[in-house]
Amino acid sequence: MLDRNVVVGQRIRALRMQRGLGQSQAAKMIGISQSHLSNIEGGRSHVTLEILTKILRQPAAVVLALAASQWLH
């Protein structure tokens with residue numbers, strides 16, 4: 001079984017790539033550094049509720065919410 005951080009990070013990366021965004025651009029949109037986003041996507045850092053909320057405020061983020069909901073309980 002994969003670690004929760006890895007699974008959520010993979011979902012965030014997939015959403016970002018699906019939207020055609022680079023890490024720097026996506027990080028700027030949600031107000032975090034590119035290196036922090038890289039760590040989140042790589043499963044090396046957990047996603048805080050504050051950051052997750054910022055991600056979910058972005059267009060098309062409903063996909064992330066549905067895909068990751070099982071891992072956020």
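Hi everyone. Of the 73 residues in this chain, 34% count as buried. Please keep in mind that what you see above is a predicted model.

Let's begin with the overall layout. What does the secondary structure of the chain come to? The count is five helices and zero strands. Starting at the N terminus, the elements read α-α-α-α-α. As for the surface, the accessible area of the chain is about 4,600 Å², and 56% of that belongs to carbon and sulfur atoms. Now think about contacts between residues with a separation of 6 or more: 57% of them involve residues 24 or more positions apart.

Next, the inside. The largest nonpolar core has eleven residues. If you want to click through them, they are Val8, Ile12, Leu21, Ala26, Ala27, Ile30, Ile32, Leu37, Ile40, Ile51 and Ile55. Which helices each supply at least two residues of this core? They are α1 (4–18), α2 (23–30), α3 (34–41) and α4 (49–56). The helix that gives the most is α2, with three residues.

Glu50 brings me to the charged residues. Side chains of opposite charge can pair when their charged atoms come close. How many salt bridges does the structure hold? The answer is three.

One of them stays inside α4. Glu50 pairs with Lys54, and their closest N and O atoms are 3.7 Å apart. Both residues sit in helix α4, four residues apart, which is about one turn of the helix. How open are these two partners? Glu50 has a relative accessibility of 55%, so Glu50 counts as exposed. Lys54 is at 27%, so Lys54 counts as partly exposed.

Through salt bridges that share partners, Arg13, Arg16 and Glu41 are joined into one network. Let's take the pairs in turn.

First up, the side chains of Glu41 and Arg13 form a salt bridge, at 3.4 Å from N to O. This pair links distant parts of the chain, with Glu41 in helix α3 and Arg13 in helix α1, 28 residues apart.

Then there is Arg16, whose side chain meets that of Glu41 in a salt bridge at 2.7 Å, N to O. Because Arg16 lies in helix α1 and Glu41 in helix α3, the pair ties together parts that are 25 residues apart in sequence.

Arg13, at 30%, is partly exposed.

Start with the eleven-residue nonpolar core. Finish at Glu41, where you can trace the salt bridges to Arg13 and to Arg16.

Methods. Residues are numbered from 1 along each chain as its sequence is written. This is a predicted model: local features need pLDDT of at least 70, side-chain atom pairs count only at pLDDT 80 or more; totals for chains, interfaces and linings use all residues. Side-chain values use heavy atoms; hydrogens and water are left out. A nonpolar core is a set of buried Ala, Val, Leu, Ile, Met, Phe, Trp, Tyr and Cys residues joined through side-chain atoms within 4.5 Å. Buried means under 20% relative accessible area, exposed over 50%, partly exposed in between (1.4 Å probe, protein chains only). A salt bridge is a side-chain nitrogen of Lys or Arg within 4 Å of a carboxyl oxygen of Asp or Glu. Contact means heavy atoms within 4.5 Å. Accessible areas come from the Shrake-Rupley method with a 1.4 Å probe; for residues, only the protein chains shown count as cover.
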